[in-house]
Amino acid sequence: MTPHEIHCQYFSQEDLLGAGCLDIRMAMDAAADAIKAYEAGDVLFPEKIVQIFNDETQERINCLPATFKQEKICGVKWVSVFPPNPSRYGVQNLSAVIILSEIEHGFPIAFMEGTLCSNVRVGAMGALAARHLAKQDAETIGFIGAGEQAKMHLIAMKTAVPSLTQCRVAAKEPAEEELFLKEMGPILPDIEMTGTRSNLQAAIKGADIIVTATSAQAPLLKADWMKAGAFYSHVGGWEDEYAVAKQCDKIVCDDWETVKHRTQTLSRMYKDGELTDADIHGNLSEMLSGKKPGRERDDERIYFNAVGLSYTDVAIAIAMHRRAQEAGMGQDLKIQHEMIFEHAHLRDWVRL
Ligand SMILES: NC(=O)c1ccc[n+]([C@@H]2O[C@H](COP(=O)([O-])OP(=O)(O)OC[C@H]3O[C@@H](n4cnc5c(N)ncnc54)[C@H](O)[C@@H]3O)[C@@H](O)[C@H]2O)c1
């Protein structure tokens, strides 16, 4: 080991899975602690950088950084969202990598597959919300969308609300529903799962918990289908008619100030003058701290929308990194052997 060697560890998705990082409870704790740290001023949280390559399809790569000052770790999620991928190429929509650095020398400590962390974060935030906002004896969950976020959300909701025993799912193509049932059935054998052959109403009507996680940009979910007492976790962009939010007793966001400048249904409503600050019950952090109540009555309809806060991704990545290290997973990556001008043969390598 030379004095100026820099090493970091590389963790593949399989390393993380093998170490037990698909753990929604761990992610919920990490996200809740991160929210507390943010409130205490211990988190640097710059604006995310967005590069959109196709306005119509919204194919994009985003860069989401955050720093935990107490833990002395800075991280960034580099995430691609390519909605046409599944239908066009048969590959996933979202993919991500994460870099973690220490902030004593500023050197990288981990380079990780990030799709797992990102999808677990979406689920964990939904689960934290469900813990405060869903009926705790909920039995039925209905999905519009059967993709990667929907699958993770099912595991997350079952973690937050263990009484769930029925799941109905509607996707654009019945084949996607079949795949959802095939993949999720063995993981959650005590939930009876049904595909509705793209009948959205059949998936949602009467459900205690509703999840929309689609790549559509259309008002798919109708207000009439949402029964009194239902909790709705909105994951995608524009996927419900305005009347859904309007009829809800409470609307909760991960961060309303961030949500209102984006492109989801609530953001559209705000821009169209159909929703004001006064219509928002609060941010999830206020329910976590007890500043505002969560669910107060069995018949409340409650709407939750998380836009994604990069510090929760980085916090979950830190928790995953720790667990994967403890499990002895990962590979050493040598970033440099020595500093540039220390290389004895630099004269042979330099191009003048
Ligand atoms: N809120 C967040 O923090 C967050 C984070 C990651 C992804 N997302 C968003 O979640 C959404 C889903 O992502 P994914 O990774 O699961 O994508 P995916 O491509 O794996 O799944 C998309 C699903 O949408 C369904 N769908 C599309 N059009 C439909 C229609 N007209 N009717 C019914 N179903 C339809 C498809 O059938 C598919 O099952 C995307 O919009 C993505 O941008 C949100």
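The model is predicted, so local features need pLDDT of at least 70 and side-chain atom pairs count only at pLDDT 80 or more, while totals for chains, interfaces and linings use all residues. Residues are numbered from 1 along each chain as its sequence is written, and side-chain values use heavy atoms, with hydrogens and water left out.

How many salt bridges does the structure hold? There are 18, a salt bridge being a side-chain nitrogen of Lys or Arg within 4 Å of a carboxyl oxygen of Asp or Glu.

Select R322 and E71. Their closest N and O atoms are 2.9 Å apart in a salt bridge. Helices (H or I, at least four residues) and strands (E, at least two) are DSSP runs, numbered from the N terminus. R322 is partly exposed at 41% relative accessible area, and E71 is partly exposed at 41%; buried means under 20%, exposed over 50% and partly exposed in between (1.4 Å probe, protein chains only).

Next, select D313 and K77. This salt bridge has its closest N and O atoms 3.2 Å apart. D313 belongs to helix α12 and K77 to strand β5, so the pair ties together parts 236 residues apart in sequence. Both residues are buried.

Finish with D249 and R297, whose salt bridge has its closest N and O atoms 3.7 Å apart.
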